[in-house]
Amino acid sequence: MIEEEEIDLLLKDLYEVYGYDFTQYARASLKRRINRLWTLDKFPSFAELRYRVRSDPDYLKRFVEELTVNVTEMFRDPMYYRTLRAEVLPTLMAKPFIRIWHAGCSTGEEVFSMAILLKEARLLHKSILYATDLNPEVLESARQGIFSMSTMKQYSENYILSGGTTDFSTYYTAHYGRVKFNEELAEKMVFSTHNLVSDRSFNEFDLILCRNVLIYFTKTLQERVLTLFDESLAPLSYLGLGSKETLKFSSIQPRYKQLEGEKIWRKIG
Amino acid sequence: MAENRLNAGHSVDCRVVVIGGSTGSIDVLLRLLPALQPPLSFALIIVVHRRNTADSTLAHLFSLKTSVPVKEVDDKDVIRPGTIYLAPADYHLLLERDGTFSLDDSEKINYSRPSIDVTFESAADVCGSSLVGVLLSGSNADGTAGLKAIKSMGGFTVVQEPDTAQVGFMPQQAISGGAADYVFDIPGLIRFINDLNTTRSR
């Protein structure tokens, strides 16, 4: 078990040596992630772990990737996607372009889900999906649009619950236990590294989706990120958060109206 | 020493009680909750394995059984005594040193999210000896490692008597693993938890 002071040392190293700032990540979860890596990678002591992180840039990639949580699925919380279909996308139809930002997209499952929604609403041709994450590794995986076949049954069920009416398997080609999603879906995606802790806004968007990312941040960092989103959202655009996250208690809340029953807010002020 | 502290009953400095359960544990909770004597002097945190859905019917069901406020945890909720907190489906529930909850949707542990071990270990880390961990009926090995963590940080651990559990596997794992300070049947559990409550009515 890592000591609090050792976590502080490690976080200081990550910042000083590599510029990654994890000091405003929620501590309990971060501690678990570090302990998990310590066990998985069998470091005999903290000193070995620290030395490896400081001196081995290849190990750092693994460390950062494992420190951050990259669990995601397609059409997670199907009702959420149902609301996007029924209430959000129709109000964006008249726009000449639709810009969407998936902040903290991980391995891309939600980006592909969104592309499917847009295609079915006949909006994909005029949309751009910006997908960002702080991990270059997961972005590379997202860019390929290749997922495990074993998850497709669950995703297909989620898709149907979200209001999907097509045969889900028409969106991908299966090959040796893996599936590759159609190129057509990926054509409008732009993948880039972006660190919510330190990077700025890079465009104006009609919809920002950032689900189950803020839970890993302290309130201070949450406030910073929500302000960044606020600065990046056009009038009457939307912000979607995870099912246990909220705008309540944030300074941007007065300018937003929550859609009934979902963690989706519309910018009204 | 543990005996003395137990016999002293309400002198146990308990600020948080965390209850974990799986198959067969809801029935135990539905008997326990109406027997609580509010106001509670501690925060009561419940982690039960649930279907992977976002619905909040379980919190509603619990709230019908007690006058103690029941809340399914949202990110960064403040942990207050006198309140029952339910771990939301599909998230691990952790405790922060600043007295708030945090949520985590990382990998399942023991095939479970929420995992009982995750909450027990996190609570042990933050609450130390002011924590009581209770493990109920279930068919999974979740909870044993967490109870050990609670013990090692000076907290108390209590396990449902496997014979009285709908599925005795989970509590039996804990007992065999040496993770249980006490083993109680359901009336015993109820009495024990009420004895921890220093502000109860009556």
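The centres of domain 1 and domain 2 of chain A, taken over C-alpha atoms, sit 29 Å apart; the domain bounds come from an automatic or database domain assignment. Keep in mind that this is a predicted model, where local features need pLDDT of at least 70, side-chain atom pairs count only at pLDDT 80 or more, and totals for chains, interfaces and linings use all residues. Residues are numbered from 1 along each chain as its sequence is written, while chains are lettered from A and ligands numbered from 1 in the order in which they are written.

**Chain A: two domains**

- Domain 1 covers 4-67 and domain 2 covers 78-267 of chain A.
- Eight residues of domain 1 of chain A are in contact with ten residues of domain 2 of chain A (contact means C-beta atoms, placed from the backbone, within 7 Å).
- On the domain 1 side of chain A that touches domain 2, helix 4 (residues 57-67) gives the largest share, with three residues.

**Chain B: overall build**

- Chain B has seven helices and nine strands, counted as DSSP runs numbered from the N terminus (helices: H or I, at least four residues; strands: E, at least two).
- The C-alpha trace of chain B spans about 40 × 35 × 30 Å along its principal axes.

**Chain B: packing**

- Of the 202 residues in chain B, 50% are buried (20 or more other C-beta atoms within 10 Å of a residue's own, with C-beta atoms placed from the backbone).
- Among contacts in chain B with a separation of 6 or more, 71% join residues 24 or more positions apart.

Note on methods
Buried ≥ 20, exposed ≤ 12 C-beta atoms within 10 Å, placed from the backbone. Contact = placed C-beta atoms within 7 Å.
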